[in-house]
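Dear colleague,

Please find the structure below.

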Amino acid sequence: MKFNKTLSTVLVLSLVLLILFLFLFRNHQMVQSGDILIPRAWENYILLGGGDYLRHYFYALTGLYRELPWAVRISYIIIQLSCVAMLLLLYILLWDVHKRRQDARVYRALKEKYYPRFQEVAQAEEVLPENRLQEIMGMDKDTHFSYRENMALIDILLELHVEVELGPSAITNMQSVMYLMGLVRFMEDRMVKGKEKEIENVIEAIRILHIELPDSFMTGLVNHRDVQLRKAARLYYIISNMEDPFLYFEDNRQKVSFVPWDMLETHQIFSICYSMQKQLPSFIPVMDRLDGHEIKEFFIKETAYWGNSRDMEHLLRFLQHPELSVRKAAIESVAIRRMEEAESTLKEMYYMQTEELKREILHTLYVVAPRSSDEFFAHAYRDTSSMLTKRVALRCLLKSGDGGVTLFHTLKEKAGPAELILFQHVEDRLIDREVSAGISVVN
Amino acid sequence: MKEFILNFYGHAVFIYSLALILSYVALMWLAEISILRNKRRNLESYARNLLHKSSFTPGVSIVAPAYNEETTIVENVHSLLSQDYPLFEVIIVNDGSKDRTLERLIENFDLVEVPYAYVPQLKTKPYRRMFKSTRPEFARLKVVDKVNGGTKADAVNAGLNAAVFPYFINTDVDCILAKDAIFRCVLPLLKQENIIAVSGAMALSNGCKVEKGQIVEAYPPHAPVPLFQTLEYMRSFLIGKMGWSAINAMPNVSGGYGLFNREVVMAAGGYSPDSFAEDMDMLIRMVAYCCETKRPYRVVQIPYTCCWTEGPATLKVLSRQRVRWGRGLIQTFYKHRRLIGNPRYRQLGMVTLPYLLVFELTAPLIEFLGMLTLIFLGITGGVNWGYALVMFLAIYTFCILLSLFLISFDYTIGGSYKKIKSYLWIFLAALTEPFFYHPMVVFFSLRGYLNYLTGQKAVWGEMTRKGFSKKESTTK
């Protein structure tokens, strides 16, 4: 939108400059004599028409520099083009300054007037009737907001949603307020008339503001040619549709890449579905069809978060996957789901793994079966030459219960000076606080 | 013969200048493409909400080496700790400071020595000890104390040995990070595949009002030396790097602020302690590693100011800095000469390095010889002063256009300064830069080249910092 306005301004300005240029050169066809302009003699015999004018001006212009050396000619061209470009840039800059000042003014005025009222509605502990909401907001039927004001109001509401955690009745009240103020209608309008970027942002805003739009708005966008918009619409469709919410979930005929951002968004959508008690599909068929390792890893973890026990049984076969990162995700998912039945499989596979995977297995064993693994942790400590793996094994041992603590101290007594630091490291409460806070998993 | 040589040189220099102008036009166009790509972005509140709640949010370690930074260390560590990002740690590497840097950290953050089992994955000067804070609000802070390694690279490597997250930010402890610095750099990392480094724009903090380690009001410096550098920084980040970023041909991610994939940095051998341009050297080795192992990669520049740094305030300090940069540039080119023009190294080998060789490394030399020729011809009466003026004006007006373009860029994307008045100072610097600042920078670069070629012993010069509370101190 902004770019188009800028472009049209540039075009209009270029047109004005061209007209000015033609006008100036047209005057040069006359000869000044005192106060009188006398037409040049050839003008009585030669009639110029159509493209002749442009050709004439071109020759007139190039003629001015014909006698100069080529380097000087080019220098003149650079000077003139730079001057024109500078004028255009100045115009665009000043226009932007003006627009921004107006936006800021409108935003300030609306925030001053409505933000405390929004807060009052958001803090109400019960669902308020419409007339009470109108009263709080100080609105009547004639209240109407311009495009700029609507955009500012949405910004203010987004700010409020970041600062204030809304309860169920507050969400209902805020929805009513947005409807009363015409913001829902405005967003619906932008969903239809806006450009791709704007529609994508509207979808994000309605997700934050808990606005419920009819499915029909999304069905038109779930196959949109713009990839980003299509992804956003399909994700929202999962929440909004009740009949077949995962209709487009498995459809990736366009072979669109699945970037980490998509993982964050998809995970959040699934968590919303989970809290809405919406049945999630099995991800196992999706994993089998996908080629990329990253996406496989993601769905392995999602299965651990949201999948049922039947899905988890299927997941265990990924513990033998040839790709290390997929195997690592499968081990992590065992920890996420706390699958005690995987204990023996993990212990069996331990000695065939890389050090990184060994550390992951030790951490997972600590999560799923700490008490029965203390001997295993002690053995893992003795068996490896990697200081990092030793450190993880000792940490798991120390935290695996009374038996583990006794073993830990026995090992500590036998440890040489080079290894003693590892024991002190895992015992230190400040380093342990860091690990407990999730800052470090395998340290 | 003399006339022929001078004539040839004159034409060659003019064609060189024209090519330089055209390359800048191309970079402006590419930068515009990058800026437009950045305009397509998520609502900020939506993105923050997502990052703060997700278990897939990547963790980031901030690594900041400190050597004799007692004046600014406390405020800057506060600034680093106040990042608005859910998962990060701050690692300060005390590189054998001779002043009270470590003591000030211990006093202000209630640090105690912890028995940390340090694993030296990258080789550095000996590690001494690790400190952690007893206060829960500083749980993210780690202070690594080590023997002085003489260069920033050695200290960063020590920080990387202690880091736990898959990404890290390499910054200087005298830098003030914007509160959303990590957030801004993580977004492209999440939105595109195979990113190995993200560079954030930097600006000078010399004119800014700083409170509790945060920039509360941003103004450009009014003193001439930092003001010219502000313009230079803007040109480098918003046109140079933004332009190269559009075609994945970034030559450098500044050592002042950049986010990197830790695994790739480690695999490429970490920072090189013998390099005087360790940031450029590191990126070249990262890209070379990716090309050699056929690993897809992307290096991106974002247009937002993530980091405010205190630039040299006097000519003496500026001279030392630029001599070192000049030395680092020629050293990096010599070290990586096999990459230049080598198609195996894709854009880096075929576009960026040849371009930098012709237009950055040799530019000071050509400019210097040009000045000598002009003086010689001026004395011998061989100059058409009218024509010379026109040619000078062509270069000058283009320089002004370039500066106006980047001012317009910076303002429209909501860049460094909020008020348009602030940009008038930058414009003033643009008008006067070619007469005063630029010739000096050319001279300093040439001294750097000469130092390297004559094998003079390299010294990391002293940098006088005023500190944000305006106290004077001397640091290296």
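Helices are DSSP runs of H or I with at least four residues, and they are numbered from the N terminus. The model is predicted, so to be considered local features need pLDDT of at least 70 and side-chain atom pairs pLDDT 80 or more, while totals for chains, interfaces and linings use all residues. Residues are numbered from 1 along each chain as its sequence is written, chains are lettered from A in the order in which they are written, and side-chain values use heavy atoms, without hydrogens and water.

Two surface patches were found. Patches consist of residues with over 30% relative accessible area (Shrake-Rupley method, 1.4 Å probe) and no salt bridge, with like charges joined within 9 Å and nonpolar side chains within 5 Å. A salt bridge is a side-chain nitrogen of Lys or Arg within 4 Å of a carboxyl oxygen of Asp or Glu.

The positive patch gathers A:Arg101, A:Arg105, A:Arg108, B:Lys419 and B:Lys421. Its largest share, 3 residues, comes from helix 3 (residues 70-123) of chain A. B:Lys419 is in the loop between helix 13 (385-412) and helix 14 (420-432) of chain B.

The nonpolar patch includes B:Leu365, B:Phe368 and B:Leu372, and its members together have about 580 Å² of accessible area. B:Leu372 belongs to helix 12 (residues 363-380) of chain B.

B:Gly240 is located in helix 7 (residues 224-246) of chain B. In sequence, B:Gly240 and B:Met28 are 212 residues apart, yet their C-alpha atoms are 8.0 Å apart in space.

Definitions and conventions
Helices (H or I, at least four residues) and strands (E, at least two) are DSSP runs, numbered from the N terminus. Lys and Arg count as positive and Asp and Glu as negative; His and the chain ends are not counted. The place of a charge is taken as NZ of Lys, CZ of Arg, CG of Asp or CD of Glu.
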